[in-house]
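Dear colleague,

I am pleased to hand over the structure shown below. A short account of the findings follows it, and I would be grateful if you read the two side by side.

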Amino acid sequence: IWKSGTVCLLIKPRCIPKTILLIIFMRTKNSLIYIPKWNFSEVDAFIPVVLELGKSYQDMVTIDVFWLNERCFNEVKMSSIHRSIFNKYTNEYLLFPNRKKILTVEKILSFLKFLSIVILRKLTRKKIVFVYFSPNLGINSKIQNYVMRVFGEVYRFPGIQAPMNSEYLERVYSDSDEYIKAWRGTRTKPQKLKVDKNEIYFIKDTVDWIHKNYSHTIEHKIIGIPRLYNSWQHYIKNESDRYIEEILIQNKLPKKTKDIILILLTEPNCPWFHDEEDFSQMLKNVLITIRKNFPSNPIFLKTKPRFKNHVNLPVFNDLSLLSFGLSDVYYYWGGASALASRTKVAISINETSTIFEFISTGVPVIEYARYNDDWISFQPKLTVWRGMPGFHIAESLGDLNTLVEDVALGNIKGVPCDEIINFFDAKKDLSVFLH
């Protein structure tokens, strides 16, 4: 289309009739242009939408992805599942510079490439829907935002895969004194929610909270929870084996290994811990508890891709410091999706939205919660996920032992998708991309 629609139109007049017919034919579809910016988490939240549209609605929409940030692109490369979905269902364009020093000429060329593809999509599609997470898009941001609004509909997308319920939003965007105290100087003022003109949300509870606290004038679309879409559920349960086996082979484990115990690591210097040693002590407690109930199951320590080789988090660069001498403990940096279908239970060290990866695939989740007093004063319920089906919280080492033992005995199991959909009242609606 690029060559026939643009080059031929300019230098081969005899091809104009073919080009017109091509344009008429292609205008039966919509165009979705996705622009990730910051990190893996925002892409991870959107990837089930790519799969659902690419697999079930390919006759109604095409998907283009503009990569503006090299770090974000490289983090996504670490997950074979994400990379394979992008390769199969999207057209990708790398618009970040090839050198560390960003030259004005490179910025201009990147923007012109972006503009030319947008114009082509405008000519060959019924409408364009732009989706992004960060309002600062990097390449001549103000001009780029203007181009997006001129040529199509623009929507901001959530930056995490879990549904942002009212309790989550209340905590993240609180303006209380307890908020400042809980973050111990790492945040000197409350965050302000940046509400754009058009927003995409997963559940109605998010919309209700934003309308109550911010604005009734924003245009919002509720699309349901992407992790619960049928295509994603089928993909993880039936088509992800080859990606799991890659990880197992890399760690010298048998390809058919099942019943993995997954520990979700959070940032060791997060202010909700009591002190610098608290993270290590909690991790040690979890490992010992697991080994007592699961003597031979492989244990995977899962952390965020951006923490790999992080100079300020040296503990994450040395597995011997994290495994405490226990055997069959492995490290994993990629997307949690790859391990979900072979995981027996996922245990998080305090709170992380990654738990929803496992909740959504029928894996029971335990949060080992040990927060300092300042954090508890600010968040008395400890976690915003309390009460969600499939989620369990251990407020003490005794609770942790009991819950892990119940998993081993089969007394605690995951929950089906329908139960989660009903809990959040989250019905799928992709009309924003299709109509």
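At 79% relative accessibility, K252 counts as exposed, because the cut-off for that class is over 50%. Please bear in mind throughout that this is a predicted model. K252 sits in the loop that leads from α12 (241-250) to β8 (260-264). Its backbone deserves a look as well: K252 has a positive phi of about 60°, although it is not a glycine.

The loop between α12 and β8 also holds K256. With a relative accessible area of 61%, K256 is exposed. Leaving aside residues up to four places away in sequence, K256 touches E245 and R342. K256 and I244 are 12 residues apart in sequence, and their C-alpha atoms are 9.2 Å apart in space.

How many strands does the open sheet have, and in what order? There are 6 strands, in the order β10-β9-β8-β11-β12-β13, and the pairing is parallel. β10 and β13 (391-394) are the edge strands, each of which pairs on one side only. On average, neighbouring strands of this sheet are turned by 25° against each other, direction ignored.

Helix α18 (residues 397-409) packs on the sheet, where it touches β11, β12 (365-368) and β13. The direction of α18 makes about 165° with that of β12. Within the sheet, β8 and β11 (residues 343-349) run parallel and are joined by 5 bridges. In this pairing, I260 stands opposite T343 of β11.

A second residue with a positive phi is D328, at about 55°, and D328 is not a glycine either. Is D328 exposed, partly exposed or buried? At 34% relative accessibility, D328 counts as partly exposed, because that class covers values between 20% and 50%.

Finally, there is a feature of the surface to point out. V105, I108, L109 and L112 make a nonpolar surface patch of about 380 Å². V105, one of these residues, is found in helix α6 (residues 104-124). V105 counts as exposed, at 55% relative accessibility.

With kind regards

Conventions:
Residues are numbered from 1 along each chain as its sequence is written. This is a predicted model: local features need pLDDT of at least 70, side-chain atom pairs count only at pLDDT 80 or more; totals for chains, interfaces and linings use all residues. Side-chain values use heavy atoms; hydrogens and water are left out. Helices (H or I, at least four residues) and strands (E, at least two) are DSSP runs, numbered from the N terminus. Buried means under 20% relative accessible area, exposed over 50%, partly exposed in between (1.4 Å probe, protein chains only). Patches are made of residues with over 30% relative accessible area and no salt bridge: like charges are joined within 9 Å, nonpolar side chains (Val, Leu, Ile, Met, Phe, Trp, Tyr) within 5 Å. Accessible areas come from the Shrake-Rupley method with a 1.4 Å probe; for residues, only the protein chains shown count as cover. A salt bridge is a side-chain nitrogen of Lys or Arg within 4 Å of a carboxyl oxygen of Asp or Glu. Two strands pair if DSSP finds at least two bridges between them. Axes are lines fitted to C-alpha atoms, for helices over the stretch in contact, and angles run from 0 to 180 degrees between N-to-C directions. Contact means heavy atoms within 4.5 Å.
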